[in-house]
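Load the model and keep the selection panel open. The stops below go from a helix pair to the chain contact and then to some backbone details.

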Amino acid sequence: MIIEGMAIVNEGCTACGACVDLCPVEAISLDLDEIPTDETDEYCDVWVWLETRDNRLEGVGLELLGIGRELADIKQEKLVGILLGSKLEGLAEKAISHGADRVWCITDPALEHYENGAYTAALTELINQEKPAIVLLGATPDGRDLAPRVAARLQTGLTADCTGLAIELETGNLLQTRPAFGGNIMATIITPHHRPQMATVRPQIMKARPADAARTGEILDYPFESGAWALTRILSQEDTQKQVNLEQADIIVAGGRGADGPEGLQLLQELATTLGGTLAVSRAPVEEGWIAPDYQVGQTGKTVAPRLYIACGISGTIQHLVGIQGADIVVAINRDPKAPIFQAADYGLVGDLFEIVPLLITKIRKIQKQRHQ
Amino acid sequence: MRWIVCIKQVPDTTEIRIDSRTNNLVREGIASIMNPYDCHALEAALQLRDQHGGQVTVVTMGPSQAEECLRDALAMGADEAVLLSDPAFRGADTLATSYTLAAAIRRLAPVQLIFCGKQAIDGDTAQVGPELAEWLGLPHIAGVEYLVVKANNITARREAESEYYLVEANLPALVTISRTMNEPRLPSVWGRLRANRTPITVWTGEDLDIDPNRIGLAGSPTRVKRIFYPQHQRQTQIRQGNAEQLSNWLVKTLAEERLL
């Protein structure tokens, strides 16, 4: 590990290789017993699991087709969408318009709702049959449930919550970048000798391509023998009473540890309401029990993409910043001029949020009032 | 009848700061704690044991100091603790970790229900639980926030994207526990005393029926290629001044950006 710029190899070593890069005289080397396999060559194409809900495509699948298209073009391979469900009419065509070259459909009554046993069996069988090089899934609750089950059955590597995906040109390996160490640093992970290379990506991280109705592609049905694949039985389903919908919010005012308690968050809520926006928080207020986890933005919370994100009293850990990468404009208000949030903001205000925010509310209301007159 | 809880010792990542001068992680004095999600998993197991009887066995894989989190679990009320510790286990990714845990749990059979925290705060992958269930060939239910065990089956509520599912599975099974499920108990003084007297079982690779090619770094399909601090894309304009000046500037800027 690296402490204060110094390499330390001790019992906690995870062979991450950071010390090798750091050493100026190449005194440290990492001697790994790699098991060379040439089998990786027979795997090709980039796959995307197209998650559905009530027979509609979830947005994250289209976003993955966006990045998947780039990866497939670099590798000069096909981009393939995978649809599992009971009624899939029209969905494959939509996936093709968003970039897929081919869509595999497995239609079976057992796949009507997400059930990890049946979904694992269907996806694993198709992967074993077709041998894709890369399989991408949305890091949604169901995607994060399915991906590890499939990866373990295939005995291959899986990287969760990637914020960046690229192809290493020399090797063709998928470079999977994600926040690590509690979201305090970024790590690029590879799966050098196992195929497929599997990764999940959170919603709102990648951008979907606009639909192009002129695109053509192949739609194939896979004859899946439905059997006793289910591991669990779904007894009932009820919609969550969602208090907040941060993913769709246009304007977000967020508070961190500097909000200092529920009263501070109340003040930020007032600013949010004034702007016609929504309140959100970083990890600290949730940990402190000031507010429900639904409001959390960041790697363990929601990924957001508003037009305006105002971060108040948030220091700006990487795990928080990855959640706001998609914001158009980021404003930071913080007393500490050295807070990392300022490096990730478009506009930074060094000052006390308890002094600045009440003034903002008054001034914005005044402008709004003038407009109405 | 055994209730197994898999736990992990993690650095208290909420305490980690970045040195703004060197841009390095400040790790000195960062305490190691039991992964907070695992405290909720342990609490769920303790409650079931108190209702149905049996014993709660906590298992962790890690270096020798991971014993500390096993002592914490014993102090909360676990009956026995197993530490999987071997230099050969080092560098394990989630697949190799779940393989090793599976080998240990087979040795602890028969098992009623296996509990994991939904994810760990250092890696946040949420992968070890479902992968462990797959190695053991057991059903799993992830992100559980309510559960009932009756006779030979479990009914659990899991939160999905925009709905809850009430899911049933036969036992033995594996659940990963959400932090909203319960409030973990605090260790009592008596619990601490008992924990210090309870011997901890230590198993190395030799104690388990395992394939040496599937453990540690050798058994890990994934490799860390590099670690780095991200470069930010934004051109920041920073202002200092009094609240009046700063708020005027921001309101003017937001108006220019047509955000008001």
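Which residues in α3(B) meet which residues in α4(B)? Select B:Thr94, B:Leu95, B:Thr97, B:Ser98, B:Tyr99, B:Leu101, B:Ala102, B:Ile105 and B:Arg106 in α3(B); they meet B:Val128, B:Glu131, B:Leu132, B:Trp135 and B:Leu136 in α4(B), where contact means heavy atoms within 4.5 Å. The residues of this contact divide into 9 nonpolar, 3 polar and 2 charged (Ala, Val, Leu, Ile, Met, Phe, Trp, Tyr, Cys and Pro count as nonpolar, Asp, Glu, Lys and Arg as charged, the others, Gly among them, as polar).

This is a predicted model: local features need pLDDT of at least 70 and side-chain atom pairs pLDDT 80 or more, while totals for chains, interfaces and linings use all residues. Residues are numbered from 1 along each chain as its sequence is written, chains are lettered from A and ligands numbered from 1 in the order written, and side-chain values use heavy atoms, without hydrogens or water.

Now show residues 94–107 and 128–136 of chain B, helices α3 and α4, which pack at an angle of about 50° with axes 8 Å apart.

Next, color by chain. The contact takes 104 residues from chain A and 91 residues from chain B. Between the chains there are 10 salt bridges (a side-chain nitrogen of Lys or Arg within 4 Å of a carboxyl oxygen of Asp or Glu).

Finally, go to the backbone. The peptide bond from A:Arg195 to A:Pro196 is cis, with omega near -5°. B:Leu171 and B:Pro172 are also joined by a cis peptide bond, with omega about 0°. A:Lys131, not a glycine, has a positive phi of about 55°.

Note on methods: Axes are lines fitted to C-alpha atoms, for helices over the stretch in contact, and angles run from 0 to 180 degrees between N-to-C directions. Helices (H or I, at least four residues) and strands (E, at least two) are DSSP runs, numbered from the N terminus.
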